[in-house]
Amino acid sequence: MTQLADIQNSRDERALPINKVGVKGLRYPIVVRDKAHGRQHTVGTFRMAVNLPGHFKGTHMSRFVEVLERHQSSISLREFRAMCAEIKQALTATEAHVAVEFPYFVEKTAPRSGAPGLVSYACSIEASLNHEFDMVLGIVIPVQTLCPCSKELAKVSAHTQRGEITVRVRFREFVWIEDLIALMEECASSPIWSVLEPEDADFVTRHAFEHPAFVEDVVREAALRLRAHPAITWFSVEAENFESIHNHSAYANIEMADEGIG
């Protein structure tokens, strides 16, 4: 049997190191931890990479998929360190990076009727391992905001808009996705539901009117809650309003610096 040449490990005379080389756009079924039901099946879109020294021509792309295949049945936050370590070893690299984006579904009951409905949240995990391990959990939370200026001018009505809070956190202890969602929803004028009966819609409208918020209010409230969370060591939070009476969005961002809010 003829032995195939290992082209990837052949020498490259250009001697230019590559910071990240790997695969992206890789869709794979995964199972993630679910606070209410234990496990949730979803589909992740992966980006996996390593660094490549300048003297190697290429990396072995199939080995990324082999590592993912070994872990896809239980993708938890704990799995990412092991995945990065396996990728480093399999590809003889000094750095490994694994990122995944996936929809996560939470069943929410309407505030008055109790009608159930699933709400989808865009989640992401970014992990890297070189000398140290680093991981960031991200969630995009749809919300409703009501303009304080509009309320002040009109007195009896005000314009509202859908918005999004994008939160990214590092943590020292496990944090449930559902708990972060609930924490961020408290900072807007109202959460979003997928199913609302007439009595629910009336409640949501009135609740938003009683809790007006600029994007500046949203990120400040979010930052205070995240800073006070005992498990969170770093965060970045952004609020964006898809303005209902303007042809643009409004946004604000706060990122936690090493010395605190900055």
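V140 stands opposite T166 in strand 6. The model is a predicted one: local features need pLDDT of at least 70, side-chain atom pairs count only at pLDDT 80 or more, and totals for chains, interfaces and linings use all residues. Residues are numbered from 1 along each chain as its sequence is written, and side-chain values use heavy atoms, with hydrogens and water left out.

Helices (H or I, at least four residues) and strands (E, at least two) are DSSP runs numbered from the N terminus, and two strands pair if DSSP finds at least two bridges between them.

Which residues of strand 6 (residues 160-171) lie on its covered face, and which on the uncovered one? The covered face consists of Q161, G163, I165, V167, V169 and F171. T160, R162, E164, T166, R168 and R170 make up the uncovered face. In a regular strand, side chains alternate between the two faces of the sheet.

Strand 3 (residues 96-109) and strand 4 (residues 116-129) run antiparallel and are joined by 14 bridges. Within this pairing, P103 has A122 in strand 4 as its bridge partner. The two strands form a hairpin with six residues between them, and G114 in the turn has a positive phi of about 75 degrees.

Strand 4 is in turn joined to strand 5 by eight bridges, the two running antiparallel. C123 stands opposite I139 in strand 5. The hairpin that joins strand 4 to strand 5 passes through three residues.

## Strands 1 and 2

Strand 1 (residues 18-34) and strand 2 (residues 38-52) run antiparallel, with 14 bridges joining them. They form a hairpin with three residues between the strands. D34 has G38 in strand 2 as its bridge partner.

## Helix 4

Helix 4 (residues 177-185) and helix 6 (residues 215-228) have axes that come within 9 Å and cross at roughly 140 degrees. Helix 4 is therefore oblique to helix 6. Axes are lines fitted to C-alpha atoms, for helices over the stretch in contact, and angles run from 0 to 180 degrees between N-to-C directions. Angles under 35 degrees count as roughly parallel, over 145 as roughly antiparallel, 65 to 115 as roughly perpendicular and the rest as oblique.

L180, L183 and M184 of helix 4 make the contact (heavy atoms within 4.5 Å) with A222, R225 and L226 of helix 6. These residues divide into five nonpolar, no polar and one charged. Ala, Val, Leu, Ile, Met, Phe, Trp, Tyr, Cys and Pro count as nonpolar, Asp, Glu, Lys and Arg as charged, and the others, Gly among them, as polar.

D179 also belongs to helix 4. Its relative accessible area is 34%, so D179 is partly exposed; buried means under 20%, exposed over 50% and partly exposed in between, with a 1.4 Å probe and protein chains only. The C-alpha atoms of D179 and K35 are separated by 8.9 Å, although the two residues are 144 residues apart along the chain.

## Whole protein

The secondary structure comes to six helices and 10 strands. Of the 262 residues, 44% count as buried. Among contacts with a separation of 6 or more, 64% are between residues 24 or more positions apart.
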